Amino acid sequence: MGEKKPYIVSAEKISEKAYALEIYHPLIARNFKPGQFATVQASPESAWIPLQIVDTDPEKETFWVVVRAYNRPTLELIEIFAQEGMELFNVEGPNGSPFPVKNYGSVLLIGNGWGTAANYPILKALKEEGNNLTAVIIGETEEDLYCIEDYQEILSKEKVWIYTENGEK
């Protein structure tokens with residue numbers, strides 16, 4: 001009996017244009033390092049989508065990504081495949097070089113839009129190394145602000161600055 005294919009474990013709509021997807025993939029869940037990404041191909045006809053890994057759960061053999069709908073492949077992934085149990089054609093990773101995590105002392109971590117979600121595992125790892133962290137979360141609008149509560153849980157509200165380009169925050 002072969003290994004299970006990657007599939008969507010959960011899909012949570014986090015804004016009008018974005019979903020947080022939990023994907024079953026044991027290799028990625030066990031081997032991911034902060035700063036790495038996965039490539040997802042929803043169907044044989046789909047384009048490959050590089051997605052930053054936001055978090056993993058090695059026990060459940062899953063990882064999370066944030067997908068923002070901005071082109072045909074991301075729209076297809078969200079509109080057709082972002083359903084619990086939906087099998088994905090191919091998922092590869094972890095890809096890319098990990099972020100060099102060490103104690104740098106004081107660190108200012110800046111994330112814009114979905115990049116804030118991509119920085120989340122780096123934030124966690126830098127905190128574990130004893131760094132004094134401050135984070136800036138920027139979005140075009142309030143809808144484009146991701147992971148605020150997650151950042152504040154690790155750092156505190158005073159250490160997380162939030163801005164929007166349109167002046168909402």
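Student: Is Glu22 buried or exposed?

Tutor: This is a predicted model, in which local features need pLDDT of at least 70 and side-chain atom pairs count only at pLDDT 80 or more, while totals for chains, interfaces and linings use all residues. Residues are numbered from 1 along each chain as its sequence is written, and side-chain values use heavy atoms, with hydrogens and water left out. Buried means under 20% relative accessible area, exposed over 50%, and partly exposed in between (1.4 Å probe, protein chains only). The relative accessible area of Glu22 is 5%, so Glu22 is buried.

Student: Which residue meets the side chain of Glu22 in a salt bridge?

Tutor: Side chains of opposite charge can pair when their charged atoms come close. A salt bridge here is a side-chain nitrogen of Lys or Arg within 4 Å of a carboxyl oxygen of Asp or Glu. For Glu22 the N to O distance is 2.9 Å, and the partner is Lys60.

Student: How many residues apart are the two members of that pair, and where do they lie?

Tutor: Helices (H or I, at least four residues) and strands (E, at least two) are DSSP runs, numbered from the N terminus. Lys60, partly exposed at 44% relative accessibility, is in the loop between S4 and S5, and Glu22 is in strand S2. The pair thus links distant parts of the chain, with a separation of 38 residues.

Student: What separation in sequence does the pair of Arg68 and Asp144 bridge?

Tutor: These side chains form a salt bridge at 3.2 Å, N to O. Arg68 is partly exposed at 25%, whereas Asp144 is buried at 4%. Because Arg68 lies in strand S5 and Asp144 in the loop between strand S8 (132-139) and helix H4 (148-155), the pair ties together parts whose separation in sequence is 76 residues.

Student: How many salt bridges does a search of the whole structure find?

Tutor: Another of them joins Glu16 and Lys13 at 3.8 Å, N to O. There Glu16 is exposed at 58%, and Lys13 is partly exposed at 45%. For the whole structure, the number of salt bridges is five.

Student: Which residues have the most contacts inside the largest nonpolar core?

Tutor: A nonpolar core is a set of buried Ala, Val, Leu, Ile, Met, Phe, Trp, Tyr and Cys residues joined through side-chain atoms within 4.5 Å. The largest one has 21 residues, and S2 (18-24), S3 (37-41), S4 (49-57), S5 (62-68) and H2 (72-81) each supply at least two of its residues. Those with the most contacts inside it are Leu21, Ile23, Phe63, Leu77 and Leu88.

Student: Against which strands do the buried residues of H2 pack?

Tutor: Contact means heavy atoms within 4.5 Å. In H2, the buried residues are Pro73, Thr74, Glu76, Leu77, Ile78 and Phe81. They pack against S1 (7-15), S2, S3, S4 and S5.

Student: Which residues does Asn166 touch, not counting residues up to four places away in sequence?

Tutor: Asn166 is located in the segment after strand S9 (160-164) and is partly exposed, at 41% relative accessibility. Its C-alpha atom is separated by 6.2 Å from that of a residue 26 positions away along the chain. With the sequence neighbours up to four places away left out, Asn166 touches Glu140 and Thr141.

Student: What share of the 169 residues is buried?

Tutor: The protein has four helices and nine strands, and its C-alpha trace spans about 50 × 35 × 20 Å along its principal axes. Of its 169 residues, the buried share is 45%.
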